[in-house]
Amino acid sequence: KRITISADCWIGANSLILGDLAPGMVIGANSTVTRPHEPYDIAVGNPARAISNRKQASDKSKPKNELEI
């Protein structure tokens, strides 16, 4: 079976990828990806589990009253 690694993925050292990677995923070092994850998930462990999502984390970090010019 062919494995697809989508755009903007970061893969840590010694990781084992057994399935497709969604866009923007970050895989921690020494992790084993055994199942699909959501786009922009940060997954770590054996088997890899999502601990955060890059898009949701960046949305929370912006102050609500910030003005962009």
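Me: Which residues does Ala22 contact, leaving aside its neighbours within four places in sequence?
Reply: Ala22 is in contact with Ser6, Cys9, His37, Glu38 and Pro39. Keep in mind that this is a predicted model.

Me: Which nonpolar core is Ala22 part of?
Reply: The largest one, with nine residues in all.

Me: His37 was on the Ala22 list. Where is His37 found?
Reply: In the loop between β4 (32-33) and β5 (41-44).

Me: Is His37 buried or exposed?
Reply: Buried. Its relative accessibility is 10%, and the cut-off for buried is under 20%, so His37 qualifies.

Me: What does His37 touch, not counting residues up to four places away in sequence?
Reply: Six residues are listed by name: Ala22, Met25, Ala43, Ala48, Arg49 and Ala50.

Me: Zooming out. How many helices and strands are in the chain?
Reply: One helix and six strands. From the N terminus on, the order is β-β-β-β-β-β-α.

Me: Which strands form the sheet, and in what order?
Reply: Four strands do, as β1-β3-β5-β6. The sheet is open and the pairing is mixed. Its edge strands are β1 and β6, each of which pairs on one side only.

Me: How do β3 and β5 run, parallel or antiparallel?
Reply: Parallel, with two bridges joining them. For Val26, the bridge partner in β5 is Ile42.

Me: What is Trp10 in contact with, leaving aside neighbours within four places in sequence?
Reply: Met25, Val26, Ile27 and Arg54.

Me: How far apart are Trp10 and Ile27?
Reply: In space, 6.1 Å, C-alpha to C-alpha. In sequence, they are 17 residues apart.

Me: What is the relative accessible area of Arg54, and of Asp8?
Reply: Arg54 has 23%, which makes it partly exposed. Asp8 has 40% and is partly exposed as well.

Me: Backbone next. What is phi of Asp8?
Reply: Near 65 degrees, a positive value in a residue other than glycine. Asn30 is another non-glycine residue with a positive phi, about 65 degrees.

Me: Where is Asn30 found, and is it buried or exposed?
Reply: Asn30 is found in the loop between β3 (26-27) and β4. It counts as exposed because its relative accessibility is 51% and the cut-off is over 50%.

Me: Which residues does the cis peptide bond join?
Reply: Asn46 and Pro47, with omega about 0 degrees. Pro47 is in the loop between β5 and β6 (49-53).

Me: Why point these out?
Reply: Because most residues other than glycine have a negative phi, and most peptide bonds are trans.

Me: Now the surface. Which residues form a nonpolar patch there?
Reply: Ile3, Ile5 and Ile11. Together they have about 240 Å² of accessible area. Ile11 lies in strand β1. It is partly exposed, with a relative accessible area of 40%.

Me: And for the whole chain, what does the accessible surface come to?
Reply: About 5,100 Å². Carbon and sulfur atoms account for 53% of that.

Me: What share of the residues is buried?
Reply: 28% of the 69 residues in the chain.

Me: Last one. Among contacts between residues at least 6 apart in sequence, what share joins residues at least 24 apart?
Reply: 6%.

Definitions and conventions. Residues numbered from 1 in each chain as written. Predicted model: local features only at pLDDT ≥ 70, side-chain atom pairs only at ≥ 80, totals over all residues. Heavy atoms only, no water. Contact = heavy atoms within 4.5 Å. Buried < 20%, exposed > 50% of the residue type's maximum accessible area, 1.4 Å probe, protein only. Patch = residues over 30% accessible without salt bridge, like charges linked within 9 Å, V, L, I, M, F, W, Y side chains within 5 Å. Areas by Shrake-Rupley, 256 points an atom, 1.4 Å probe, with all protein chains shown as cover. Salt bridge = Lys/Arg side-chain N within 4 Å of Asp/Glu carboxyl O. Pairing = 2+ DSSP bridges. Core = buried A, V, L, I, M, F, W, Y, C linked by side-chain atoms within 4.5 Å.
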